[in-house]
Amino acid sequence: MRIWAATAAVRHSSAGYRLRGAMEEPNNSRSKGSSTPGLPPHIATLPAQLKKASHYTCLIGKWHLGFPPHFGPRASGYDEFYGVMAGGVDYFIHVSGRGDHDLWNYEEEHHEIGYLADLLSWVKCRF
């Protein structure tokens, strides 16, 4: 049985997100390669629990809970991942606010021409 949830595509023009009190979102393009912050792989997640029950899981869209190799969707129980990791990505050229490429298939950088919302939709339809 396949379980999936749709995501909404939102484009942000800033390099980082602002939280209440003008704090910057800790997981943005500047945290790439860092061992902190992120969702530690030992934390129980719904995808990990579903995997234990023989379900196949896929995240299509945005993961913003840390970068590989220390964190990532596959380390948190997803079988497949296609999308962005930093947020604030340009939907046409797939780069973060810092200018780093930010489109991933599994946990490998993926280069594909197309509008990001369309690419995410096509992958979802193939899943």
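Me: What pLDDT does the protein average?
Reply: This is a predicted model, in which local features need pLDDT of at least 70, side-chain atom pairs count only at pLDDT 80 or more, and totals for chains, interfaces and linings use all residues. Residues are numbered from 1 along each chain as its sequence is written, and side-chain values use heavy atoms, without hydrogens and water. On pLDDT, the predictor's confidence in each residue from 0 to 100, 71% of the residues score at least 70. The protein averages 77.

Me: How many aromatic pairs does the structure hold, and is the pair of Tyr-56 and Phe-127 stacked or edge-to-face?
Reply: Rings of Phe, Tyr and Trp (its six-membered ring) pair if their centres lie within 6.5 Å; planes under 30 degrees apart count as stacked, over 60 as edge-to-face and the rest as tilted. The structure holds four aromatic pairs. The ring centres of Tyr-56 and Phe-127 are 6.1 Å apart and their planes lie at 20°, so this pair is stacked.

Me: Is Phe-127 buried or exposed?
Reply: Buried means under 20% relative accessible area, exposed over 50%, and partly exposed in between (1.4 Å probe, protein chains only). Tyr-56, at 33%, therefore counts as partly exposed. Phe-127 has a relative accessible area of 16%, so Phe-127 is buried.
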